[in-house]
Amino acid sequence: MSVKIGNIDLGEFPLLLAPMEDVSDPPFRYVCKQGGADLMYTEFISSEGLIRDAAKSRKKLDIFEYERPIGIQIFGSDIESMREATEIATLAGPDLMDINYGCPVKNVACRGAGSALLQDIDKMVKMTEAVVKATHLPVTVKTRLGWDDNTKNIEEVAERLQDIGIQALTIHGRTRAQLYKGEADWTLIREIKRNPRIKIPIFGNGDVDSAVKAANWRLEYEVDGIMIGRAAIGYPWIFREVKHFFKTGEFLPGPTLDERIIACRTHLDKSIEWKGPKVGVFEMRRHYSNYFKGLPDFKHYRMLLVKEENIEIIYQLLDEVAEKYEHVLPFSEMA
Ligand SMILES: Cc1cc2nc3c(=O)[nH]c(=O)nc-3n(C[C@H](O)[C@H](O)[C@H](O)COP(=O)(O)O)c2cc1C
């Protein structure tokens, strides 16, 4: 059976690309879409920034036709600002709106936004209601299990947010207090799925980094789909690998060196196209080592790539990588 968010049909068991600040921008989303992501989200966008028309926030509203379906994620601490930001973001034409109630970082959570709302469910409900009323689009929410070990209130959150109209919920199997430490625990996510009151799709998130884990956790935790974040960084093939394994029970071979070079180059080209040559080249630097993880002695090329400003020379360096490592085993066999 297909999973649906409003009228958006996501297929049988969708794989979502997680929103990631400074990562899931349009260039990164381009390669993840090619890799097979079924639903993608923007980086989170500050509601206050949108209202003030801050350039950084505005820029994050850029979405492209080939990315659909795509959601814009917003965060904030003030209900009226979130309402206004929803109206602004809706005009950018996404397929859905998403609210971030999961961000644990200090300058978000300590200012009453992101995961801070897990400490004030009444306010979270009011805020969500304001967002739902401010847009004709489906609204989804992404959050965590609770604030800390003593306050895992995700069951109440799921029921109350569904009641005021959200159309899907993604749960990261950690508390705010855990940040990104320890292992994600999806046990409570399964509880939400088993709650007969819950009708909306529930997506599991946290630590899925292989086809086997995705298949095991799909079975074990009974979720409607999985959201993948860090494992897609430098490895957009994770989506197609998971899908292939679901379909056939067999492992798809990992990407060839050529595929890695092409994806890296595409990411670079899209960065330059969207950010301009200077920023595009600069911000691509954080990605090179991820695309070539596992290549023996890649450090030499990484050092050159992260210093280089000239685009043509970067292309040449990538060609050199292709030549030098032509005969090494496929990455999947090296692991
Ligand atoms: C660099 C980085 C940036 C992130 N930015 C966001 C964000 O903007 N919005 C959000 O909801 N979650 C954000 N997250 C959390 C991820 O969406 C996801 O919940 C988390 O990484 C766990 O999933 P994973 O184990 O598949 O990476 C971010 C995570 C990382 C690593």
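The points below go through a predicted model, from the annotated span to individual residues.

1. Basis. Residue numbers start from 1 along each chain, following the sequence as written. Because this is a predicted model, local features need pLDDT of at least 70 and side-chain atom pairs count only at pLDDT 80 or more, whereas totals for chains, interfaces and linings use all residues.

2. UniProt, in an unreviewed entry, gives "domain: DUS-like FMN-binding" for residues 16-305. UniProt positions are in the numbering used here, feature names are shortened, and annotations may be inferred rather than shown by experiment. The span 16-305 is 45% helix and 14% strand, and its end C-alpha atoms lie 30 Å apart. Helices (H or I, at least four residues) and strands (E, at least two) are DSSP runs, numbered from the N terminus.

3. Active-site annotation. The unreviewed UniProt entry puts the feature "active site" at Cys-103. Cys-103 sits in the loop between S6 and helix H5 (106-109). Cys-103 counts as buried because it has 22 C-beta neighbours inside 10 Å. The cut-offs are 20 or more other C-beta atoms within 10 Å for buried, 12 or fewer for exposed, and partly exposed in between, with C-beta atoms placed from the backbone. Not counting residues up to four places away in sequence, Cys-103 touches Phe-44, Phe-75, Val-108, Ala-109, Gly-114 and Ser-115. A contact is defined as two C-beta atoms, placed from the backbone, within 7 Å.

4. Binding-site annotation. According to the unreviewed UniProt entry, the feature "binding site" falls at Gln-73, Lys-142, His-172, Gly-229 and Arg-230. His-172 belongs to strand S8 (residues 168-172) and is buried, with 27 other C-beta atoms within 10 Å. Neighbours within four places in sequence aside, His-172 is in contact with Gly-102, Arg-144, Ala-184, Asn-205 and Gly-206. Arg-230 lies in the loop between strand S10 (225-228) and helix H10 (238-248). Arg-230 is partly exposed, having 17 other C-beta atoms within 10 Å.

5. Ligand shell. There are 21 residues around the ligand, and Ala-18, Met-20, Phe-44, Gly-229 and Arg-230 come nearest. A residue is near a molecule or strand if its C-beta atom, placed from the backbone, lies within 6 Å of it. By class the shell has nine nonpolar, seven polar and five charged residues. Here Ala, Val, Leu, Ile, Met, Phe, Trp, Tyr, Cys and Pro count as nonpolar, Asp, Glu, Lys and Arg as charged, and the others, Gly among them, as polar.

6. Strand S6. Ile-99 is part of strand S6 (residues 96-101). With 28 other C-beta atoms within 10 Å, Ile-99 is buried. Apart from neighbours within four places in sequence, Ile-99 is in contact with Ile-74, Thr-128, Val-131, Val-139 and Val-141.

7. Helix pair. Helix H11 (residues 257-275) packs with helix H15 (residues 311-324) at an angle of about 170°, and the axes are 10 Å apart. H11 is therefore roughly antiparallel to H15. Axes are lines fitted to C-alpha atoms, for helices over the stretch in contact, and angles run from 0 to 180 degrees between N-to-C directions. Angles under 35 degrees count as roughly parallel, over 145 as roughly antiparallel, 65 to 115 as roughly perpendicular and the rest as oblique. On the H11 side, Leu-257, Asp-258, Ile-261, Cys-264, Arg-265, Leu-268 and Ile-272 meet Ile-311, Ile-314, Leu-318, Val-321 and Ala-322 of H15. The residues of this contact divide into ten nonpolar, no polar and two charged.

8. Backbone points to check. Most residues other than glycine have a negative phi, and most peptide bonds are trans. Arg-68 and Pro-69 are joined by a cis peptide bond, with omega about -5°. Pro-69 is in the loop between helix H3 (55-59) and strand S5 (70-75). Leu-179 has a positive phi, near 50°, and lies in the loop between S8 and helix H8 (187-194). Leu-179 is partly exposed, with 13 other C-beta atoms within 10 Å. Asp-297 also has a positive phi, near 55°, in the loop between helix H13 (288-291) and helix H14 (299-307). Asp-297 counts as exposed, with 9 C-beta neighbours inside 10 Å.
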